[in-house]
Amino acid sequence: MLLATIDETLRVLAERALSELEKARDPGALESWRTAYLGRRGALAEHMRAIVQLEPEARPAAGQAANAAKARLESAFDARQRRIEELTLDRRLESERIDLTLPGRPLHTGGLHPITLTLRRIVEIFRDMGFQVAEGPEVELDWYNFEALNIPPEHPARDMVDTFYVNPPSVLLRTHTSPVQIRVMEQAKPPIRVLVPGRCYRYEAQDASHEWMFYQVEGLAVDEGLTMADLKGVLVAFAQRMFWPEVQCRFRCDYFPFVEPGVEMSVQCPICRGSGCRVCKMSGWIELLGAGMVHPQVLRNVDYDPDRVHGFAFGMGPERITMVKHAIDDIRLFYGNDLRFLQQFH
Amino acid sequence: MRVPLRWLKEYVDISLSAEELAARLTMSGTEVSGILRIGIDWDRVVIGQVESIDRHENADNLFVARVRLGTETITLVTAASNLKTGDVAPVVRAGGRLGGPVLEPRRFRGVLSEGMLCSGDELGVSPDKESIYILEPSAPIGADLREFLGDEVLDIELTPNRPDCLGVVGIAREVAALTGGQLRVPRPSPPAGDVPATEVVRVFVDDPDLCPRYTAAYLEGVRVGPSPPWLQRRLYLAGMRPINNVVDVTNYVMLELGQPLHAFDADLLRNATIRVRRAKKGERLTTIDGTARELLEDVLVIADADAPTAIAGVMGGADSEISDSTTNIVLESATFDRLSVRRTSRDLRLSSEASKRFDKGLDPELPPLASHQAVGLMLELAGGRAATGLVDVRQPARPPRRIRFTPRDVSSLIGQTYSSKEIEEVLRPLGFQLEPSDDGVEATVPSWRMDVEGKADIAEEVARIKGYDAIPSVLPSGNLPAAAENAILRWEEILRSALAAAGLQEVITYALVDPHAEAKLDPDAGDRLLPNLASIPTSNPMSVEHSQLRTSLLPSLFATVGANLRYQQRVSIFEIARVYLPPLDPLPTERRRLAIAMAGQRYPESWSANQAPVDFYDLKATVEAALNTLNLSCRTTPTRKTQWAHSGRAAAVELDPGGVVVGLVGQVHPRVAQRFDVEGVDLYAADLDVDMLLAQAHEERTIRPLPRYPAVDRDLALIVPDQVSYADLAAAIGSAAGPLLDHFRLFDVYRGAPVPEGHRSLAVSLAFRSPDRTLSEDEVVSAMEAIEREVARQFGAKVRGR
């Protein structure tokens with residue numbers, strides 16, 4: 001066979017192989033192609049064997065040409081194989097489409113009661129200001145709930161809170177967490193900074209804004225040199241974290257027998273931010289808590305010297321805070337425990 | 001209390017608008033909860049005078065009036081029959097309005113009415129809806145009615161420490177201090193007549209402890225009749241109904257000065273005698289509200305020579321009431337003990353404008369002033385002659401309270417510096433007298449400010465009048481208390497979080513329960529539940545359902561499950577709260593408990609979940625997970641000692657190690673569940689003593705290094721008789737395996753063929769490992785054989801498939 005003929009044969013062989021390679025569309029066809037052209041008994045191997053038949057001086061050139069063609073076919077095969085792998089993966093991914101709009105699988109988690117969540121937030125904020133959490137009994141002595149707090153029997157301020165009594169009547173369900181002020185001061189010496197969350201009870205008909213069982217968070221600080229400016233500072237810092245950093249606070253005079261001066265704090269309504277809405281009854285303000293400087297008589301009742309130490313105290317309702325934050329219009333939802341309400345806080 | 005601004009302005013100059021004034025008062029502690037505006041929405045309402053009034057020619061029940069409005073005269077048709085020629089009355093002109101729709105001229109049976117005459121009710125100045133409101137003859141004809149009658153009424157909510165503000169003059173003092181407006185307090189003189197009052201009326205105070213001061217004035221020859229319009233209007237705007245001139249004056253002066261007064265018909269008092277004494281057994285009195293009342297023995301009464309004629313400080317008696325025929329009057333102005341009035345008012349369930357003032361405590365220096373003021377007004381409005389002065393029976397006057405303070409005392413409490421001048425500007429208009437003393441100021445507290453006791457009160461006066469908003473806000477710079485943490489409360493919150501993370505919803509239920517609630521937990525209780533006598537009742541419950549302090553959380557939780565199962569397929573809830581255990585010593589024992597209740601589906605409702613109902617093992621896993629966060633482990637030991645549980649599905653929770661029983665877990669007995677409306681699904685519950693758990697909670701947990709050598713895993717399925725518990729089997733495996741057993745877990749429980757009847761197959765997966773080498777097959781085989789021998793010996797266990 002002439003060299004020219006063998007070159008021509010190789011050229012035709014290579015062209016046919018490349019054109020057939022283009023037609024291979026799956027791994028099976030690709031493998032058949034490889035067997036047919038690059039296999040041990042394939043067309044190229046057969047061609048190699050034909051070269052042996054050439055005159056010796058023609059063999060190196062023909063061999064080189066055949067090796068070049070083999071390299072070309074192998075590289076084309078690799079390229080084609082990669083391409084087919086890509087196509088196969090593309091086809092698989094295409095077939096694996098899912099409805100991305102189906103709802104996510106619900107997690108098997110529960111949740112905390114909204115009042116617990118609010119209490120935790122309040123505690124967290126005051127803890128950062130050095131207040132430590134304390135607690136006291138819910139069934140309380142008249143002395144702690146009233147008398148030691150400067151509310152003697154038949155004091156007109158007793159009309160402000162209606163009380164559940166137990167027999168004997170010196171035992172009652174605490175109407176506020178303020179009695180824990182006395183219990184704390186009896187046990188400790190200034191400086192004092194405590195925060196007292198807990199359940200309280202008042203003999204009050206239930207309606208959308210009244211519950212006979214509720215939580216209160218009492219705060220008390222006693223130290224030398226404490227002033228109302230400190231009280232304001234602590235409460236403003238609280239409001240800025242509980243609501244939003246620019247929230248405005250308003251302080252007015254109010255009366256609670258165990259503080260003097262007495263304070264009521266309002267904050268801008270968190271729902272409308274002061275412009276007026278249903279939650280704040282169009283006033284832009286929410287009455288948030290009562291506070292004041294601890295009454296000198298209260299300090300004397302626990303053997304503190306009101307000329308030496310001053311204290312401030314405040315009390316707030318987590319139900320009210322939760323209600324204004326979330327525009328809840330009925331306090332009875334909290335202890336009604338309908339899961340359809342509670343689960344909205346998850 | 002309602003304070004009309006026109007009235008208030010008699011005592012103090014006011015240049016602020018009603019809104020501004022309300023805001024200032026509110027910020028200083030006198031809360032204005034609303035402003036009622038009389039005349040704000042009147043348009044073209046003018047003062048007219050009736051020139052003629054005739055019956056309508058074509059209608060029996062209508063009248064045609066010619067009414068002069070300044071220069072012009074218009075025709076009006078009205079149905080009211082009280083008009084006379086010359087009457088001065090309010091007229092809405094056509095095109096004007098009284099707040100409602102615009103009034104159009106309208107023809108009534110052929111006569112064109114060019115406006116409308118108004119009733120007092122329409123104007124908001126009297127309760128009368130039927131007749132036309134007749135103005136005083138001095139009203140300027142043709143003038144805009146709003147100029148003459150319009151008013152703004154502040155609705156004021158007073159705190160109980162300020163009874164001195166229960167009169168318009170008290171509010172005027174506040175306004176003067178707040179605004180600097182000139183104050184004009186009434187200073188009436190004692191009546192001067194021909195006879196001293198002491199010769200006409202005799203007053204005996206038998207019980208001075210309940211009546212520190214009693215004054216009586218005497219008037220004769222008065223004519224009882226209606227009060228003039230201005231007085232009636234003021235009373236009405238302030239919230240009281242006009243009665244007659246004598247009674248109206250007593251009410252007017254009470255609203256003005258805050259001192260209640262009572263007028264007796266002197267001719268109905270036997271022997272012209274007033275005796276202030278406690279009621280005697282069996283005495284009765286019909287009060288002016290028409291109710292006959294039995295008087296308890298310690299009720300303070302005003303009696304004549306024979307019998308009670310008023311309940312002191314609360315309400316007068318009908319027998320001596322002022323009537324149209326009254327001509328002679330004894331006027332009482334007294335101070336009664338506030339506790340006595342409070343008790344009487346509460347015991348009789350009878351509250352009046354007078355009792356509401358007396359029970360806050362009134363100034364004993366006020367009665368003569370109020371009496372003189374009232375006598376003067378009565379003489380003016382009802383005529384007659386007064387006796388000279390008063391009968392005044394009183395306890396020795398208490399010396400005025402004096403408080404020494406320095407500006408520094410104020411600033412050290414408030415955190416804001418006030419000058420002596422600023423302090424004086426606040427205190428003087430409030431009635432304080434100030435004298436310089438050695439190192440500061442001595443303030444004499446006015447007799448009506450019984451709430452001001454010391455330096456802190458002085459500081460509040462200054463701070464509130466100058467405004468709390470003027471006080472800076474600073475963060476306290478003092479020492480912090482020693483760092484301490486309430487570990488119990490911290491663990492309590494960790495436990496809460498763990499339970500929520502385990503899929504439970506926290507609930508908060510009422511601490512007061514029905515006395516029968518806890519009896520519902522007894523499956524054998526039957527239909528007639530007995531009240532729980534071992535719990536503490538409240539003595540004044542609002543309802544039976546919430547009358548007793550609970551000793552268990554379970555009934556509240558079960559009821560919550562029942563209520564929620566109406567809407568939900570899955571109810572898994574918990575509560576950590578206190579129970580209250582007798583005896584009272586002097587208080588009950590309050591213990592924290594955890595209750596868990598689970599019923600319905602295991603997972604939240606979803607399109608893809610493999611749903612199954614919850615069972616005991618869900619509950620057990622939850623309890624174990626919760627205890628694990630406290631670094632506690634537990635065993636569940638079957639028990640029959642539970643009131644509320646299914647007899648075969650209840651276990652005591654024992655801490656491991658230790659064996660302390662901290663509570664119970666189990667399925668709720670179906671009869672118990674049914675009482676809480678949980679039917680058709682199984683209810684599971686746990687009831688644990690949280691105080692016990694929290695006391696044992698600790699942070700010690702040793703973490704093992706990761707293993708360096710591979711484990712050899714072997715599965716072992718053992719067929720054992722049903723009565724062999726997994727816990728016993730597991731204990732045997734653990735002890736027989738020797739030190740090479742790293743851990744094992746149960747992976748299958750099977751009952752049914754080919755496992756023989758009365759048996760089950762328990763399959764465990766065991767992992768063997770040595771910390772210092774790779775185990776050989778022989779070592780594992782020998783450990784496995786040891787296990788198999790031991791379980792065969794103890795329980796007759798056979799290896800499945802062998």
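Q: How do strand 24 and strand 25 of chain B pair, parallel or antiparallel?
A: In this predicted model, strand 24 (residues 433–437) and strand 25 of chain B pair in the antiparallel sense, over 5 bridges. The two strands form a hairpin, with 2 residues between them.

Q: Which other strand is joined to strand 25 of chain B by 4 bridges?
A: That is strand 23 (residues 402–405) of chain B, which also runs antiparallel to strand 25. Here R402(B) has T444(B) of strand 25 as its bridge partner.

Q: How many residues of strand 25 of chain B are buried?
A: A residue counts as buried when its relative accessible area is under 20%. In strand 25 (residues 440–444) of chain B, 5 of the 5 residues are buried, so this strand is largely enclosed by the rest of the structure.

Q: What is the general idea behind a salt bridge?
A: Side chains of opposite charge can pair when their charged atoms come close. Over all chains the count here is 78 salt bridges. One of them joins E264(A) to R252(A), with the closest N and O atoms 3.4 Å apart. This pair links distant parts of the chain, 12 residues apart: E264(A) is in strand 8 (residues 259–268) and R252(A) in strand 7 (residues 249–253) of chain A. Both E264(A) and R252(A) are buried.

Q: Where are E294(B) and R284(B), the partners of another pair?
A: The side chains of E294(B) and R284(B) meet in a salt bridge of 3.0 Å, N to O. E294(B) sits in strand 16 of chain B and R284(B) in strand 15 of chain B, 10 residues apart. E294(B) has a relative accessible area of 45%, so it is classed as partly exposed.

Q: What about R592(B): with which residue does R592(B) form a salt bridge?
A: The partner is E492(B), and the closest N and O atoms are 2.8 Å apart. Because R592(B) lies in strand 30 (residues 589–600) and E492(B) in helix 15 (residues 487–501) of chain B, the pair ties together parts that are 100 residues apart in sequence. R592(B) is buried at a relative accessible area of 10%, and E492(B) is buried at 8%. Salt bridges that share partners place both residues in one network, whose members include E135(A), E493(B), R496(B) and R578(B).

Q: How should I read the interface of chain B and chain A?
A: Begin with the residues that touch: 96 residues of chain B are in contact with 94 residues of chain A. The two chains bury about 7700 Å² between them, 57% of it on carbon and sulfur atoms. I508(B), Y510(B) and M542(B) supply 10% of the area that chain B buries against chain A, more than any other three residues.

Q: How many salt bridges are there across this interface?
A: The rule finds 7 between chain B and chain A. One joins E135(A) to R578(B), whose closest N and O atoms are 3.0 Å apart. Strand 29 (residues 570–581) of chain B gives the most to the side that touches chain A, with 8 residues. That side of chain B divides into 46 nonpolar, 26 polar and 24 charged residues. Between the two chains, 42 residue pairs are in polar contact.

Q: Is T287(B) buried or exposed?
A: T287(B) is buried, because its relative accessible area is 0%. To find T287(B), look in the loop between strand 15 (284–286) and strand 16 (292–294) of chain B. Its side chain has a polar contact of 2.5 Å with that of D289(B), and another of 2.9 Å with that of R293(B). Beyond four places in sequence, the contacts of T287(B) include I311(B), M315(B) and A318(B).

Q: Which side chain makes a polar contact with the side chain of E136(B)?
A: It is the side chain of R233(B), at 2.9 Å. E136(B) is found in the loop between helix 3 (120–123) and helix 4 (145–149) of chain B. At 10% relative accessibility, E136(B) counts as buried. Residues up to four places away in sequence aside, E136(B) touches V88(B), F148(B), P229(B), W230(B) and R233(B).

How values were computed:
Residues numbered from 1 in each chain as written. Chains lettered and ligands numbered in written order. Predicted model: local features only at pLDDT ≥ 70, side-chain atom pairs only at ≥ 80, totals over all residues. Heavy atoms only, no water. Buried < 20%, exposed > 50% of the residue type's maximum accessible area, 1.4 Å probe, protein only. Polar contact = N/O pair within 3.5 Å; in protein donor to acceptor, adjacent residues only side chain to side chain. Contact = heavy atoms within 4.5 Å. Buried area = accessible area lost by both parts, 1.4 Å probe. Salt bridge = Lys/Arg side-chain N within 4 Å of Asp/Glu carboxyl O. Nonpolar A, V, L, I, M, F, W, Y, C, P; charged D, E, K, R; others polar. Pairing = 2+ DSSP bridges.
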